[in-house]
Amino acid sequence: MDPVLHPDPLDFDGYRFAELQHYENVSAARTSYTARNKESMAFGHSRHTCPGRILTAAEIKMFMAYLLINYDFHFTENQRSKGRPQSLPFETQYLPDQKTVVMMKKRTPKTVRFENSVLQGGKAG
Ligand code: HEM
């Protein structure tokens, strides 16, 4: 991210764009994951903007939610001693280091607590 457009671009701030929408009244068209403008070029801009971006965004959210609910993630001991892997800058984006090993372990027992209910094994219980 360009520091002129986005303050402290190297700091992770999961609410960066949500806060712009909620507290600074910047429209969703400029801040959503699928926004297409000169500050958000991941899906292209203008006439040939990716028409699959809305579908993709929904798929990525479902995929991420599934993984986070059902798996624990760890770096290897070696990686932990070195700290966070370096991101790979590519044009306006930062990509994950593709050589870094991330370990995944399925969570057991598969019990996930939500605000008012408990889901067990994927079924309401
Ligand atoms: C993370 C996933 C995706 C990324 C990052 C992505 C990104 C892009 C980008 C950068 C372009 C080029 C825009 C340009 O030429 O200026 C593009 C075009 C396009 N994308 Fe995607 N895309 C994704 C997923 C999809 C999906 C799931 C579909 C279909 C279901 C799709 C269909 C298309 C089509 C048809 C075009 C050509 C549009 C045109 O030339 O008018 N994309 N995409």
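Confidence first. The mean pLDDT of the protein chain is 84. Of its residues, 86% reach 70 or more. Where pLDDT is low, the predicted coordinates should not be read in detail.

Now the layout. The protein chain carries four helices and seven strands. Read from the N terminus, the order is α-α-α-β-α-β-β-β-β-β-β. So much for the order; next, the contacts. Take the contacts between residues at least 6 apart in sequence: 32% of these join residues at least 24 apart.

How much of the protein chain is buried? Buried residues make up 0% of its 125 residues. Keep the criterion in mind here: a residue is buried if 20 or more other C-beta atoms lie within 10 Å of its own.

Let's look at α3. This helix has 18 residues. From first C-alpha to last, α3 reaches 25 Å. At 1.5 Å a residue, 26 Å is expected, and the value is close to that. Why do we say α3 lies largely in the open? Because the number of buried residues among its 18 is zero.

On to the strands. Strand β1 covers residues 71-75. It is hardly covered, with a buried count of zero among its five residues. Its partner is strand β4, residues 102-106. The two pair in the antiparallel sense, over five bridges. Which residue of β4 is the bridge partner of F73? That is M104. F75, in turn, stands opposite V102 in β4. As for β4 itself, zero of its five residues are buried, so β4 also lies largely in the open. One reminder for reading this pair: in a regular strand the side chains alternate between the two faces of the sheet.

Last, the ligand. Which residues surround the ligand? The shell runs through A42, F43, G44, H48, T49, C50, P51, G52, L55 and T56. By type, the shell divides into five nonpolar and five polar residues. How many charged residues are in the shell around the ligand? There are none.

To close, two points to take away. The ligand shell holds no charged residues. And in the protein chain, buried residues make up 0%.

Note on methods
Residues are numbered from 1 along each chain as its sequence is written. This is a predicted model: local features need pLDDT of at least 70, side-chain atom pairs count only at pLDDT 80 or more; totals for chains, interfaces and linings use all residues. pLDDT is the predictor's confidence in each residue, from 0 to 100. A residue is near a molecule or strand if its C-beta atom, placed from the backbone, lies within 6 Å of it. Ala, Val, Leu, Ile, Met, Phe, Trp, Tyr, Cys and Pro count as nonpolar, Asp, Glu, Lys and Arg as charged, and the others, Gly among them, as polar. The expected span of a helix is 1.5 Å times one less than its number of residues. A residue is buried if 20 or more other C-beta atoms lie within 10 Å of its own, exposed if 12 or fewer, and partly exposed in between; C-beta atoms are placed from the backbone. Two strands pair if DSSP finds at least two bridges between them. Two residues are in contact if their C-beta atoms, placed from the backbone, lie within 7 Å.
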